[in-house]
Each structure stands twice: as C-alpha cells, then as structure tokens.
Amino acid sequence: QSSTNSTGALFFQGLAAALILCLSAAPLHAQEIDIHGFISQGYLKTDHNNFLAETKRGTWEFSEVGINFSTDVSDDLHMGLQLFSRDLGSLGNLNLELDWAFGDYTISDSLGIRIGRIKIPYGLYGETQDVDMVRATALLPQSVYLISLRDILLSFNGVSLYGNLEVEGAGSIDYQVFGGAIIGDPVESSNSAVANFFNNRAYQQFKIEGFVPFAVESARDRWSAGAALQYNTLIPGLLFKGTILHHRAVFNTQFSDAFSQQLRALRADPPGFSETLKFTTNDTVFWVGSMEFSRNDLIFATEYGRYFGTFRSSQPRVVPHLSLNSELFYAQLTYLLQESVQASIYYAWTGDPNDRTGDDVSNVGNVRHSSFQHNYTLSLRFDI
C-alpha cells in the first residue's frame with residue numbers, strides 16, 4: 001500500500017509540477033492564467049461534547065488555506081490544479097496536499113471528459129465545499145457534508161464523462177459519470193479521515209475508558225464509481241439533483257498488545273486467532289437527493305441521503321462485521337438582508353433509520369448520543 005500511495009503521489013506531484021512549469025513558462029501572448037486562493041482561520045468552542053476537535057476546552061485548530069491555478073490551453077482544453085492544507089483537530093496538521101488536478105476536454109455541449117484527480121460531484125455543494133466565501137455558513141450542514149470525512153468525499157483519481165442534455169419543452173439535464181479510486185493520506189498518519197473514522201467512531205462498544213482494541217494501519221480503495229444527474233427545470237432557480245457513489249475497499253488493522261493479552265488471559269481467543277485484522281467492503285453506497293430553489297435574494301436548499309454497506313471482518317468471532325447504516329437530512333434557508341449582510345438558518349439531522357430517536361443503545365455501548373445528531377444553526381455573513 002505504501003508503494004501504491006507513493007506511486008500515485010509521485011505521479012500527481014509530477015503532473016502538478018509540469019503544469020505549473022508550463023503555466024509559468026507561457027509567453028506573454030499565450031493564454032491567461034487564473035490564480036485564486038483563500039485563507040480561513042476559525043475558533044471552535046463547545047460547552048459539552050467535543051465536536052470535530054477538542055472543542056470543550058476551545059481550539060484554534062480550524063484552519064484552511066488553498067491556492068489554485070487554471071488556464072484554457074485552447075477553446076476546448078482546460079487545465080487546473082489546487083494545492084490545499086488544513087488543520088482540524090487531529091486531521092490535516094497543515095500538511096500540503098494536491099487537492100485536485102485534471103485536464104478537461106470539451107467535445108461538445110453534450111459530452112466532455114476529465115482525466116486526473118477530479119472533484120466528486122457530491123450533492124449540491126460537494127465541488128465547492130472548500131470555498132467558504134460563496135456561502136453564509138462557516139460549516140456546511142454536517143449531516144450531508146461531514147467535514148471530518150472530507151478526504152473521502154472530495155476527489156478521486158480517474159476519469160469522468162459529463163455534459164448537458166436539452167430536454168425539449170422540459171428544461172435540461174447535467175450529467176456526470178465517473179470511475180477510479182480514492183487516494184488519500186496514508187492511514188498510518190494522523191491526517192487520515194479513514195483512520196479517524198475507525199479509530200474514533202467505529203466499534204464504540206469495544207471502547208473501555210479510552211481503550212481501543214485495534215487501529216487501522218493501511219487502506220486501499222480498490223475502485224470507486226458513481227454518477228450525478230441534475231435536472232434544471234423550466235421554473236427559474238429550481239433544480240433537482242441525485243448523486244450516487246459506490247466504493248470497494250480493504251482496511252488492514254492491528255490488534256493492540258493490551259487487547260490481545262486480555263483475550264489470551266481470559267482464554268477468549270478463538271482457534272486461529274491472529275493479531276492482524278482485515279476488513280473488506282464490497283457494497284458501500286452513498287447517495288444523496290437534492291433540491292435547490294433560488295429567487296432574487298432567497299435561496300432554499302434541502303438534501304436527503306443514505307450511507308449503507310457492510311465492513312466484513314476477517315475474525316468475526318473476535319470483532320463482528322460492521323454494518324454502516326446512516327440517514328442524512330437538512331433544510332436550509334438563506335436570505336440577503338442587504339448588500340453586505342446575508343443570513344442563513346438550517347436544521348440538519350443524522351441518525352440510524354432503524355432508530356431515529358437513539359433509544360436503542362444495544363449497538364453503541366450505551367452512549368445514546370452516538371446514535372444520532374441534531375444541528376440547529378444560525379449564521380450571519382458580513383462582507384466588509
């Protein structure tokens with residue numbers, strides 16, 4: 001896995017370096033180069049549970065910085081890339097990464113192709129989730145756009161076909177069909193969203209006073225594929241969108257020495273017990289249905305989605321298979337109060353569709369708030 005990640009990283013670092021050199025070496029009469037960037041610094045504080053980071057005591061570990069370059073090589077060929085760095089609690093630690101880098105060739109209005117590291121068209125705002133200056137809220141609704149899982153839902157290495165199809169007398173349809181694999185930070189590092197999910201979120205019923213039985217050591221996304229359809233209605237400002245993602249992956253984990261010793265001391269280690277534990281998933285699906293209506297100074301958006309799949313354990317007698325089953329929803333209203341002031345309010349909900357109130361605690365180690373999450377958010381944006 002290390003060699004796979006290194007090869008992919010070297011390839012895209014080379015692509016990025018070549019593109020930057022081409023852009024910087026372009027003669028004055030050549031195509032223009034667009035350069036954009038952003039810097040964001042936040043402070044997080046909560047009065048009870050930690051949320052996204054060590055927020056009970058307050059933290060400045062909520063930073064993002066990015067710079068992107070793009071150019072039109074010809075009328076039909078567009079190239080661009082973005083370098084990005086973030087710090088969110090244990091994630092990122094301000095390490096520089098290649099966020100996206102791809103070539104985009106337009107064959108016609110109905111067909112184009114992108115090749116490289118491509119942004120996933122997840123929901124309404126997945127492709128613009130890093131550009132917080134285009135919205136009123138500091139955080140997108142965390143039910144659908146969980147920032148701690150950004151790495152998994154942001155981009156992939158592969159190819160995408162896209163286009164716009166006119167529907168006579170009924171509006172138009174934007175489509176994208178894509179496939180490849182997600183290449184993120186090495187999971188042995190603290191930057192990995194995959195490791196963070198397993199080590200801090202999954203299998204809470206095995207945790208005893210902070211004791212975690214195993215840790216993810218490596219992960220490989222065998223392949224990912226998906227599609228997005230957006231219907232632009234004849235009603236001005238009204239659109240509907242559907243997105244579906246499918247992942248097949250392998251996760252290699254290692255039991256901690258303390259856990260293995262306890263199993264043996266209790267004579268609970270089954271025949272063939274190994275300190276290496278593997279999870280495989282062949283049926284993980286993310287899908288989101290979206291609707292947005294904008295009219296003058298008002299924007300209303302709502303999205304509903306599901307995550308589901310099975311992480312199959314190589315040692316189910318020690319650690320059972322994990323079923324991923326989450327239901328996601330939010331509704332958001334944004335209004336421009338005056339030229340420089342915008343207000344937004346949303347309600348977001350995440351939970352188990354079989355236990356919407358969190359009353360069934362049999363599978364989460366009697367931690368009731370682990371079953372669901374509700375967010376009521378009020379935001380004000382001031383353009384100085």
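Reply: Let us begin with exposure: a residue is called buried under 20% relative accessible area, exposed over 50%, and partly exposed in between, using a 1.4 Å probe and protein chains only. Glu275, with a relative accessible area of 27%, is therefore partly exposed. The model is predicted, so local features need pLDDT of at least 70 and side-chain atom pairs count only at pLDDT 80 or more, while totals for chains, interfaces and linings use all residues. Residues are numbered from 1 along each chain as its sequence is written, and side-chain values use heavy atoms, with hydrogens and water left out.

Me: Which residue meets Glu275 in a salt bridge?

Reply: A salt bridge is a side-chain nitrogen of Lys or Arg within 4 Å of a carboxyl oxygen of Asp or Glu. Here the partner of Glu275 is Arg264, at 3.5 Å from N to O. This pair links distant parts of the chain, since Glu275 sits in the loop between H4 and E10 whereas Arg264 belongs to helix H4, 11 residues apart. Helices (H or I, at least four residues) and strands (E, at least two) are DSSP runs, numbered from the N terminus.

Me: How many salt bridges does the structure hold, and which residue pairs with Arg114?

Reply: There are 3 salt bridges in the structure, and Arg114 forms one with Asp104, the closest N and O atoms being 2.8 Å apart. Because Arg114 lies in strand E5 and Asp104 in strand E4, the pair ties together parts that are 10 residues apart in sequence. Arg114 is buried at a relative accessible area of 15%, and Asp104 is buried as well, at 9%.

Me: How many bridges join strand E4 to strand E5?

Reply: Two strands pair if DSSP finds at least two bridges between them. Strands E4 (residues 97-108) and E5 (residues 111-119) run antiparallel and are joined by 7 bridges, forming a hairpin with 2 residues between them. On its part, Asp104 stands opposite Arg114.

Me: Which residues have the most contacts inside the largest nonpolar core?

Reply: A nonpolar core is a set of buried Ala, Val, Leu, Ile, Met, Phe, Trp, Tyr and Cys residues joined through side-chain atoms within 4.5 Å. The largest one has 39 residues, and Tyr122, Tyr145, Phe255 and Tyr330 have the most contacts inside it. Strand E9 gives the most to this core, with 5 residues.
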